[in-house]
Amino acid sequence: MAVRCWDFVLPGAEWIMRYVRLLRRGPVLLLWGAQTASVFGDRLYAMAVMWMAWEHAGAGAMGLMAVAESLPYIVLGTVGRRMMDRFASLRALAVVDAVRLVLVAALPWAWAEFGTVGLIASAALLGVGGALFDPNLGAMVPDLVRPGEVQAVSGLMDLTGRIARIAGPGAAGLLLAVMPLAGLFWVDAATFAVSALALVLLAARVRPAPAVPQTGPRAVGVRSGAWSLVRTHPDTGVVLAVHGIGIFAGAVSLAMPALLAARLGAGASAYAAVLACTGAGALAGNLVAGNVRLPAPLTAVYCGVWAVSGLVLAATGLAGSLPVLLALSVLSGAVSPFLQIALSTHFALFPPAARRRLLTVDLTVIRTCGTVSMLFVPGLAASGPRAAFLVGGLAVVVVGVAGAVLVLGLARGRRPVPEVEPVPELAARD
């Protein structure tokens, strides 16, 4: 049977319309608006602050900035559970964004008055805001839709981040053509104002739902700690471990410029093409991952996708021509949304308090692994990029396959029980 182009176009259009239908709901639109403004502002901030650090203090300051921003995620995720719980409301998150607005707007002043110390201190304080905001907002997303729409709304939020990664640097470049570098921080501050306003409006339209006793395989106590959650749900513990190791080993991808130069004799234009292909692949992959029903158990799917990602990474090290490398870049980008959406959908199976804790732990794990890997993995990979991509990719394959086998073994070892549906913590007034 002949395959017609519209056999692919029509499902894609339907998937896009599914996202559009979600955005027609007031609460989802407001939360999406807050997320969009926040993520886009983060892209502008990251570019502006790293350029400022590089221009005035060199590469060492850039590294310190990255560590300063990640450290609050690690500390609060490890010992700040009570503090995290105090910000588990929409109004509290609006306050966090209001504070971040002030910090970002004042960052050029902090640099002028205190130099590198002021820059690093501002980055650390903004990291505290991000550590409080990100898991709490993420935990609220599934409660605004029906259980069968959780995967789609996870895809919608994932799509926001991917568009911001592509549009953010381009927008920053255009803005810098008409304003000074400090202007990027003012624009970023404006995005925090938009986010705070959206959260306040959303808080006025939703109300806490009455508590409902939890039953089923994902039912946990409201005060369950990270260890209790992992002990009672070992498959989730496997997922967290695979995520951290995958982030650590995958840091070799930062040596892509070295691989292009050493393997293909290519330069900056080829690197830009690689980034563009990766972004295009991610956008296409998001439409599939957010709308095609993923098989159960999601934890095994997640680990399996990491194995596929590792294979692509290893194959990248063997690429002998630019067209092959660009094709692998598209594939790498297409795989990444499956990771994020499968993980978010899995976490949504838990009640809100436990979901928030798991998101916090996951951020702690990946920030820790990412920060440690950044200290030496890219530098080592740059000296031998081909071998680094092979070793890093194969390590991810081994970890992903081992995780999938372990999760499937755990699933066979317990009596199958239907998954519970998430209990809405928020209920729309309209």
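This is a predicted model: local features need pLDDT of at least 70, side-chain atom pairs count only at pLDDT 80 or more; totals for chains, interfaces and linings use all residues.

Reader: OK, and how many helices and strands are in the protein chain?

Author: The protein chain has 16 helices and 2 strands. It holds 430 residues, of which 48% are buried. If we take the contacts between residues at least 6 apart in sequence, 87% of them join residues at least 24 apart.

Reader: Let's look at a pair of helices then. At what angle do α10 and α13 pack?

Author: Helix α10, residues 234–249, and helix α13, residues 298–318, pack at an angle of about 15 degrees, and their axes are 9 Å apart. Angles under 35 degrees count as roughly parallel, and α10 and α13 are therefore roughly parallel to each other. Their crossing is left-handed.

Reader: Which residues of α10 and α13 make the contact?

Author: From α10 the contact uses Asp235, Val238, Val239, Val242, His243, Gly246, Ile247 and Ala249, while α13 brings Thr299, Tyr302, Cys303, Trp306 and Leu313. Sorted by class, this contact of α10 with α13 has 9 nonpolar, 3 polar and 1 charged residues.

Reader: You listed Thr299 there; is Thr299 buried or exposed?

Author: Thr299, which has its place in helix α13, has a relative accessible area of 1%. Buried means under 20%, so Thr299 is buried.

Reader: And what is Thr299 in contact with?

Author: Leaving aside its neighbours within four places in sequence, Thr299 is in contact with Asp235, Val239, His346 and Val407.

Reader: Moving on, how do α6 and α15 pack?

Author: Helix α6, residues 107–140, and helix α15, residues 352–383, pack at an angle of about 140 degrees, with their axes 8 Å apart. α6 and α15 are therefore oblique to each other, and α6 passes α15 in a right-handed crossing. On the α6 side the contact is made by Asp134, Pro135, Asn136, Gly138 and Ala139, and on the α15 side by Pro352, Arg355, Arg356, Leu359, Thr360 and Leu363.

Reader: How many nonpolar, polar and charged residues does that contact of α6 with α15 have?

Author: By class, it has 5 nonpolar, 3 polar and 3 charged residues.

Reader: New topic: which residues in α11 are buried?

Author: In helix α11, which covers residues 256–264, Met256, Ala258, Leu259 and Leu260 are buried. The helix is followed by Gly265, whose phi is positive, near 65 degrees.

Reader: Last one, what does Ala189 touch?

Author: Ala189 lies in helix α8, residues 181–205, and, not counting residues up to four places away in sequence, Ala189 touches Leu101, Val104 and Ala105. Ala189 is buried, with a relative accessible area of 7%.

Reader: How far apart are Ala189 and Asp97 in space?

Author: Ala189 and Asp97 are 9.1 Å apart, C-alpha to C-alpha, although they stand 92 residues apart in sequence.

Notes:
Residues are numbered from 1 along each chain as its sequence is written. Side-chain values use heavy atoms; hydrogens and water are left out. Axes are lines fitted to C-alpha atoms, for helices over the stretch in contact, and angles run from 0 to 180 degrees between N-to-C directions. Helices (H or I, at least four residues) and strands (E, at least two) are DSSP runs, numbered from the N terminus. Angles under 35 degrees count as roughly parallel, over 145 as roughly antiparallel, 65 to 115 as roughly perpendicular and the rest as oblique. A crossing is left-handed if the near helix is turned anticlockwise from the far one by less than a right angle, and right-handed if clockwise. Contact means heavy atoms within 4.5 Å. Ala, Val, Leu, Ile, Met, Phe, Trp, Tyr, Cys and Pro count as nonpolar, Asp, Glu, Lys and Arg as charged, and the others, Gly among them, as polar. Buried means under 20% relative accessible area, exposed over 50%, partly exposed in between (1.4 Å probe, protein chains only).
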